[in-house]
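Dear colleague,

Please find the structure below, together with its sequence. My notes on it follow.

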Amino acid sequence: MHKRTAFPIGLLLFLGGATLLFFAVRPPAAFPQNARVEIPFGASLSGSAQILGRAHVVRSSLLLQIILIARWSGEGVKAGIYQFDRPL
């Protein structure tokens, strides 16, 4: 690939990826303020992410799983009732 075309293509890929990431991490439009979500004892990471996705607390349960796997120490998900006053 020529240097003249590599930069614009790289820039477009970067901007496209940044735009997708921006929209993926924004809270859902239907975010339920003051919603209580229960994560049951023994729920897996994917199960917990799906519960949060169905409750509209996160936009993408898959993206949440990826972030948690990348950043978490593997302790698991803590069971409990969580209240979300506002989007994080």
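Is His56 buried, partly exposed or exposed? His56 is partly exposed, because its relative accessible area is 42%; the classes are buried under 20%, exposed over 50% and partly exposed in between, with a 1.4 Å probe and protein chains only as cover. Please note that this is a predicted model, in which local features need pLDDT of at least 70 and side-chain atom pairs count only at pLDDT 80 or more, while totals for chains, interfaces and linings use all residues. Residues are numbered from 1 along each chain as its sequence is written, and side-chain values use heavy atoms, with hydrogens and water left out.

Overall organisation

The chain contains three helices and two strands, taken from DSSP runs (helices H or I of at least four residues, strands E of at least two, numbered from the N terminus). Along the sequence their order is α-β-α-α-β. Of the 88 residues in the chain, 18% are buried. With contact defined as heavy atoms within 4.5 Å, residues 24 or more positions apart supply 71% of the contacts that have a separation of 6 or more. The accessible surface of the chain is about 7,000 Å², and carbon and sulfur atoms account for 64% of that area; accessible areas come from the Shrake-Rupley method with a 1.4 Å probe, and for residues only the protein chains shown count as cover.

The core and helix α2

The largest nonpolar core has ten residues: Phe31, Val37, Ile39, Ala49, Ile51, Leu52, Val57, Val58, Leu64 and Phe84. Such a core is a set of buried Ala, Val, Leu, Ile, Met, Phe, Trp, Tyr and Cys residues joined through side-chain atoms within 4.5 Å. Both β1 (35–39) and α2 (45–54) supply at least two residues of this core, and α2 gives the largest share, three residues. Within α2, the buried residues are Gly47, Ser48, Ala49, Ile51 and Leu52; their cover includes β1, α3 and β2 (80–84).

Phe84, a member of this core, touches Phe31, Pro32, Gln33, Asn34, Ala35, Val37, Leu52 and Val57, when residues up to four places away in sequence are not counted.

Gln65 lies in helix α3 (residues 61–71) and is buried, because its relative accessible area is 17%. Apart from neighbours within four places in sequence, Gln65 is in contact with Leu45, Ser46 and Ala49. Ile69 is also placed in helix α3, but is exposed, with a relative accessible area of 60%. Its C-alpha atom is 8.7 Å from that of Leu45, although Ile69 and Leu45 are 24 residues apart along the chain.

Two loop residues with positive phi

Asn34 sits in the loop between α1 (3–25) and β1, and His56 in the loop between α2 and α3. For Asn34, phi is near 65 degrees, a positive value in a residue other than glycine. For His56, phi is likewise positive and near 65 degrees, again in a residue other than glycine.

A nonpolar surface patch

Phe7, Leu11, Phe14 and Leu15 form a nonpolar surface patch of about 450 Å². Patches are made of residues with over 30% relative accessible area and no salt bridge, with like charges joined within 9 Å and nonpolar side chains (Val, Leu, Ile, Met, Phe, Trp, Tyr) within 5 Å; a salt bridge is a side-chain nitrogen of Lys or Arg within 4 Å of a carboxyl oxygen of Asp or Glu. Leu11 lies in helix α1 and is partly exposed, with a relative accessible area of 38%.

With kind regards
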